[in-house]
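Here's a quick briefing on some strands and how they pair up. Have the viewer open while you read.

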Amino acid sequence: QPQNGSRACAECAVGTHQRRTGATMCEACDAGHVAQVPGSSACMPCPAGTFSPAGEADACKFCEMNTYSSTAASLKCETCGQGFVTKYPGSARAEFCICKEGTFKILAAGRASCTPCSKELVCAGADEVPLQMGGFWVDLEDTRTADYQIYRCRNIMECPEGKMGSCAKGREGKSCNNCQPNHFKNGNGECTICDPGDILLNVYIGFGIVLLVVPVFIFLKGNAEKQRLTMLTMLMTVGQVVMIMQALGAIRQLSIEFPQPAKAMLHALSVLTLDLDMFRLSCLLEKDDPVTKFVVQLLVYPVVILALWMAGLLAQKVGGGPLSLDTMCNINGVILLASFITLTLTVLMPFQCMSNPNGTLSLMSNPGIICWDSSEHSTLAMLGVCGAFAYPVTTLTWTIWVVVTQPQRIASGQGLQRARRYRFLFNRFTPDRYYYGVVYLVRNAVVALVPIVLARALPLQVVSMNTVFAATSGLQAKLWPWRTDSANISDLTMSLMLIVILTVAAPMVDIEQGGKEKVLGALMFSMLLALVTTALVALIIASYRRLCPGTMYDAFLCHHKATAGVLARFFKTVLVRVSAAKIFLDSDQLEDLELIFETVRSSTRNLVVLLTQEVLSRMWCAGEIVTAQLFNIPMVPVRCDGYSRLDGAAIRGLCDLWTEGEKHTLATFGIHLDMVQTSYQVLIDLRTTDMARFGGQKDQEEAVFAVGRRCKLHFRMFSMTLGQASNPRVLVTGATSDAELLSACMVVQSMVQNDLQIETSVMCDAAQVKQAPSAVYVLVLLSRGMLLDPAFAELLLQVRDSNIEIVTASTNDGFQFPGQDFYVKLEKEGLAEINTKFGEGSKKVLSDSYRALLRVLALPLTPLGSQGSLQKQISDITRRFKKFQSIGEDRVSPRRALEHTPPSPSPGPPLPPPPLPP
């Protein structure tokens with residue numbers, strides 16, 4: 001009853017109670033208790049899972065999420081803590097606190113807690129033990145504290161999602177790296193138990209290889225000089241296809257998750273990376289040991305070479321001809337070039353390491369082997385270093401050496417045997433692109449290195465590989481190096497298709513989005529910076545060339561055109577061959593005589609004066625010498641046969657030979673006669689280098705070398721003088737008793753030899769012809785008066801007896817084709833020296849020989865012309881050597897033919913009549 005005097009009884013409010021009768025007030029419920037209805041006589045305790053704080057006794061509240069109350073009459077709920085959560089509100093026990101999805105329970109210092117799940121684990125939450133994600137292998141070191149180490153696997157099939165440390169069926173070891181003993185790897189990541197038939201498979205494979213080796217050897221042993229162009233095209237295309245398949249094998253090593261069916265196709269190419277698992281090698285070895293398999297991979301190449309060598313011996317026994325060193329070298333080279341990417345990828349495999357989530361590095365090919373921290377990897381690394389020096393390093397170094405020295409060897413006549421020995425390197429490319437084999441090998445080496453060097457820079461792998469193929473494709477399109485257009489087109493097309501494949505595969509690179517954006521952003525900035533830098537450099541170079549257009553010549557050849565014009569060409573030919581020097585020869589560089597003295601003054605480092613008896617009487621030579629003396633240009637005098645030192649009176653007499661017009665021309669350039677006399681005196685007082693113009697080619701080239709050294713030219717490595725060819729196939733001859741014509745023969749010999757890559761030699765007498773039993777052609781340079789030269793007549797008779805085919809070229813020095821009277825007179829009188837040496841019967845033979853010689857259409861040859869016109873004439877002449885066209889056919893492709901349209905032979909005088917019947 002209330003104390004306000006009211007006689008009526010009032011109900012206790014919600015949250016209060018009163019047990020006694022006659023009470024004047026209600027009592028509040030204790031904390032943790034509630035009175036949920038009015039007029040309650042007692043407060044009820046809140047059950048477990050609920051709570052009622054002090055002052056709020058009207059209703060029990062459920063414990064919020066991630067809290068619990070395990071006792072009745074709770075004032076508050078306990079927080080789960082340590083990362084635990086509850087599934088629902090109102091949890092009544094601590095056991096209802098569980099780890100949420102993405103975390104798992106561990107015990108540390110006697111207390112349980114939830115720790116975040118690594119991204120390589122699958123954590124269902126609650127009390128579930130974490131599972132390893134597919135593609136990773138977890139080494140669980142302590143089940144209570146959940147200490148573990150996570151390693152990458154080769155693929156998701158070998159390490160499927162499941163319990164920590166579990167592997168696909170039949171696999172074992174860290175990262176499920178190995179098959180169990182007596183098991184072999186199948187195509188779905190599992191390992192299958194071996195049976196006797198699997199061991200027999202290796203026997204069948206070995207037997208098949210033996211059966212295949214003999215025809216392969218016979219095919220490769222075929223003489224490349226007899227292979228038609230269609231066969232060479234087929235061989236080149238096959239080689240390109242093999243290279244592209246190996247390149248796809250290298251692309252397979254990139255960190256790209258290829259979709260099906262591309263993934264299955266790339267997997268089928270694993271044999272090109274010497275993946276021996278497909279041959280069930282572990283069944284033969286009875287265990288899956290990475291070191292043993294790597295040793296077997298390194299031995300594949302020498303075993304193949306040994307098998308081919310034994311096949312060669314077998315073929316030799318059954319009458320297949322002798323097994324030469326050149327043959328074995330070519331077979332070895334073909335296999336080396338065809339398998340270069342494979343061998344490089346194989347030997348570098350121990351250095352292709354990938355990052356593991358636990359911070360360690362493991363081999364990409366054998367992820368169970370920890371890089372630089374295991375005995376297995378140390379063994380593999382040592383074997384890899386040995387293999388790298390044995391295969392790619394040696395191959396690339398040897399190839400570079402062969403290619404760098406080849407021009408000098410070819411030009412010297414000493415390298416053509418080596419050209420046959422290394423025809424696998426040179427025969428597939430045009431002669432002017434002989435070096436492309438090195439470019440090809442370097443490209444393949446970089447392709448193999450990209451997956452190794454950039455194993456942990458995933459975005460750079462695709463960009464770098466694309467850059468390599470794009471750069472080499474542009475270079476190949478520019479150089480057009482292959483011997484045939486079809487081979488060039490196929491190589492370019494396949495390279496462009498690889499670029500497309502890599503571009504399509506770029507979004508499939510397996511990398512976190514944030515890392516990808518950061519790396520690609522830095523890469524794009526670098527490319528933009530390189531683009532701007534390139535533009536600036538190009539602008540600077542263009543400005544420099546505009547402001548400083550002159551070219552500096554290392555040597556200026558001062559000569560008398562009639563008596564030393566071809567000798568000057570010979571000097572330039574040799575110096576350009578053995579050095580990178582720029583040589584000024586008026587027939588090549590001069591466009592305006594008015595600029596010749598300016599060239600000496602401002603663009604010449606050395607003035608080489610070819611001292612023939614007439615050179616100092618030439619007005620233009622006088623101006624060149626004076627200009628060099630006035631501006632302190634070093635002069636190098638070369639004393640030729642027939643030149644005699646002049647005294648002061650003789651020098652003054654030379655000036656009197658000039659016309660008033662010539663003297664006036666010199667005067668317009670500020671050159672007076674007293675300056676000429678002074679400069680001549682300075683010149684003749686200098687030390688001279690002797691040039692024996694009728695000496696051997698080697699002696700003459702040594703004189704040129706001496707001049708080059710006096711001019712301080714930098715000779716190329718392996719530069720050498722020409723020696724007499726040991727086995728010449730082409731002979732060059734003419735009226736070699738004339739010094740200029742002998743020089744012309746030497747120039748032509750060098751150019752023909754470079755163009756054909758066939759040993760070529762200059763013949764000066766019949767005895768030299770006898771010493772060339774392998775000669776197929778003789779190139780005769782027709783010149784005035786040569787038909788009356790007894791030495792040439794004797795040489796021609798020897799050529800007739802040797803059955804050597806004749807090709808002729810007219811030197812445009814006034815040679816006249818004789819008429820019928822000449823032959824009649826020759827048959828009647830002959831040549832005195834020939835009659836004396838060979839008897840009267842030689843008259844008719846010599847006449848017939850001259851008829852046969854002059855019946856051949858002579859192509860024009862201008863030794864005093866420019867280098868470009870002379871090279872075109874030589875190309876026309878070498879096309880007459882039909883017997884060499886099987887290996888030189890299509891040396892000028894249709895693409896180049898547009899740039900090189902040879903001039904039609906001049907009709908010349910009418911052909912002589914056929915020989916009279918006997």
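**Strands and their partners**

Valine 122 sits across from leucine 131 in S14. Keep in mind that this is a predicted model, where local features need pLDDT of at least 70, side-chain atom pairs count only at pLDDT 80 or more, and totals for chains, interfaces and linings use all residues. Numbering starts from 1 along each chain as its sequence is written, and side-chain values use heavy atoms, with hydrogens and water left out.

Helices (H or I, at least four residues) and strands (E, at least two) are DSSP runs, numbered from the N terminus. Two strands count as paired if DSSP finds at least two bridges between them.

- S13 and S14 (residues 131-132) are joined antiparallel by two bridges.

**Around S29**
- Five of the five residues of S29 (residues 730-734) are buried (under 20% relative accessible area; exposed is over 50%, partly exposed in between; 1.4 Å probe, protein chains only), so the rest of the structure largely encloses this strand.
- Val730, Val732 and Gly734 point one way from S29, while Leu731 and Thr733 point the other way.
- S29 pairs in parallel with S30 (residues 760-762) over three bridges, and valine 730 has threonine 760 as its bridge partner there.
- S31 (residues 777-782) runs parallel to S29, joined by five bridges, with valine 732 opposite leucine 779.
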